[in-house]
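Good morning, and thank you for coming. I would ask you to keep the model in view while I go through it.

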Amino acid sequence: MTSAARKMPSGIRSWSDGRVLKEAVRRYELITIGCSMGGMHALQVIFETLPKDFAVPIAVVQHRYKTSNEGLPQFLRRHSQLDVVDTLDKQWIKPGTVYLAPANYHLLVERGELSLSVDEKVEYSRPSIDVMFESAALAYGPAVVGVVLTGANADGARGAALIKKRGGFVIAQDPKTAESPVMPQATIDGTRVDRILPLDRIGPFLIELCRSSNP
Amino acid sequence: MANEPAAILDEQTRADLEQIEIRLLTEGIYQHYGFDFRDYSLPSLRRRIWKRVYAEGLSTISGLIEKVLHDPQSMERLLLDLSINTTAMFRDPTFYLTFRQKVVPVLRTYPFVRIWHAGCSTGEEVYSMAILLQEEGLYDRCRIYATDINEAVLQKAKSGIFPLSTMQENTSNYITAGGNGTFSDYYTARYDYAIFRPSLRENVVFAQHNLVTDASFNHFNVIFCRNVLIYFNNALQDRVQELFLQSMEMFGILGLGKKESIKFTSVADRYEDVDTEEKLYRRIR
């Protein structure tokens, strides 16, 4: 693909000045979710609402203790109809799958695959939500959805801003419904998010948002 | 949508330009210094490059290109940024426990064991292996080749001196890894440092080796390369795995990082699992 072709935002454009007259139907190709304190419960609530045929792949950074093992994936498997995996380096991104950042690794998104790193912690966190969001924004641009859930720090706020800047869609959990409101509030303060939703509305909204993305 | 298309266009142009700059930087470094970062995995390479851009007081990757090409010292600093990895003694202790239980019994049957620790960084895992082999009574017939791309980290590895502050974690790892002695017997505490017994490196050869550009240099019964390949893209991972295969005795053992897998590489069918969870493999063809 030439770089000129990649620069074109999709949609119906004016032939005279190239203005976008009508935006094409958005197709979201990847959902990225970040959470910290209280995140297990929040993820459970969201995943319980997603149906088996929810095709858009989901990458998740939940801050976890560095020696934590299969506990988180096993827990989420019990509450999700989707495949839940603890990500391996260079694993392909497939539909209908939830990819968790492994304990003590950063999760980085590339086009079509995921990679890991043990680079230093970012704001005391590894995995870092900002690192995942930032790489997803660069790899998927407007096709990425970022979701910031409960947490007691500001991780995710910078990354969410970059997702917005690159044309993606950002959802913040309504801090009033968050076990720890700091993280979604930091994102709301730092960037013009597309939606602020109570926890129990996030799953249904993702289904709605991705309806046109589902094959 | 909240964003004007024009703003998105700018962002895409900027991202495209950044990719061009990264390609120019890695190409320039390769041609001028011989270090080949051209096939490093992009997202983490990008983060490390930007870290160096800011640390040098610059604002663009183009600025860094000029700096590193004309100032070898700034290249040294970038090299450190690009090659240092987090490491710890008995990192992922269950890996070492499994190695003890499943691999050591096989090594016992060999008259001589050659081990290659590729990408050993500051050497914590090399000393871990030496401790394990001493405790198993195997060390005297082993030779460990510990290599890294970076001379500065190799010097640290050779010294066997590590911060005392990490010893608490190291001790706990040692115990989980099945250590059957007292960890503090292996080092002497001096000020803020732990100085490890020189006998641990008696059979260790530290040498600079670049996995990307250098060739195979021996045949091994065990090759460890943990959390190094995650920094390489698929094509480069395949190339390095071919290098390991060339350097591996039949039925030799390959140990990767906990979240690395051979199954996404071109040599997958040459190995069988020794332990799926711990990423220990045996060459079978």
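In chain B, B:Thr188 stands opposite B:Ile195 of strand E5. Strands here are DSSP runs of at least two residues (E), helices are DSSP runs of at least four (H or I), and both are numbered from the N terminus. This is a predicted model, in which local features need pLDDT of at least 70 and side-chain atom pairs count only at pLDDT 80 or more, while totals for chains, interfaces and linings use all residues. Residues are numbered from 1 along each chain as its sequence is written, and chains are lettered from A and ligands numbered from 1 in the order in which they are written.

Let me stay with E5 of chain B. Strand E4 (residues 187-190) of chain B runs antiparallel to E5(B), and four bridges join them; two strands are said to pair if DSSP finds at least two bridges between them. The hairpin of E4(B) and E5(B) has two residues between the strands, and B:Tyr191 takes a positive phi near 50° there. Strand E3 (residues 161-163) of chain B also pairs with E5(B), in the antiparallel sense and over three bridges. Across that pairing, B:Ile161 stands opposite B:Ile195, and B:Pro163 has B:Tyr193 as its bridge partner.

Together these strands form an open, antiparallel sheet in the order E3-E5-E4 of chain B. E3 and E4 of chain B are at the edges with a single partner strand each, so one side of each has no neighbour in the sheet. From one strand to the next the twist averages 30°; such angles run from 0 to 180 degrees between N-to-C directions, with axes fitted as lines to C-alpha atoms, for helices over the stretch in contact.

B:Lys258 lies in the loop between strand E8 (248-256) and strand E9 (271-275) of chain B. Why does B:Lys258 count as buried? Because B:Lys258 has 23 C-beta neighbours inside 10 Å. Not counting residues up to four places away in sequence, B:Lys258 touches B:Asp92, B:Phe95 and B:Lys279; contact means that the C-beta atoms, placed from the backbone, lie within 7 Å. B:Asp81, in helix H4 (residues 72-83) of chain B, is partly exposed, with 15 other C-beta atoms within 10 Å. Apart from neighbours within four places in sequence, B:Asp81 is in contact with B:Arg48, B:Lys51 and B:Arg52.

I turn to chain A, which has seven helices and 12 strands. Of its 215 residues, 52% count as buried. Seven strands of chain A form an open sheet with parallel pairing, in the order E5-E7-E4-E3-E10-E11-E12. Its edge strands are E5 (83-86) and E12 (195-197), each pairing on one side only, and neighbouring strands are turned by 20° against each other on average, direction ignored. Within this chain, strand E10 (residues 144-148) and strand E11 (residues 169-173) pair in the parallel sense over four bridges, and A:Gly146 has A:Val170 of E11(A) as its bridge partner. Helix H3 (residues 71-78) of chain A lies across strands E4 (58-62), E5 and E7 (97-100), running at about 175° to E5(A).

How do two helices of chain A meet? The axes of H4 (residues 129-140) and H5 (residues 157-165) of chain A come within 7 Å and cross at roughly 10°. H4(A) and H5(A) are therefore roughly parallel to each other, the term for angles under 35 degrees. Among the residues making this contact are A:Phe133 of H4(A) and A:Leu162 of H5(A).

Finally, confidence. Chain B averages a pLDDT of 93, and 96% of the residues score at least 70; pLDDT is the predictor's confidence in each residue, from 0 to 100. For the complex, the predictor gives an ipTM of 0.85 and a pTM of 0.87. Where pLDDT is low, the predicted coordinates should not be read in detail.

Definitions and conventions: Angles under 35 degrees count as roughly parallel, over 145 as roughly antiparallel, 65 to 115 as roughly perpendicular and the rest as oblique. Two residues are in contact if their C-beta atoms, placed from the backbone, lie within 7 Å. A residue is buried if 20 or more other C-beta atoms lie within 10 Å of its own, exposed if 12 or fewer, and partly exposed in between; C-beta atoms are placed from the backbone.
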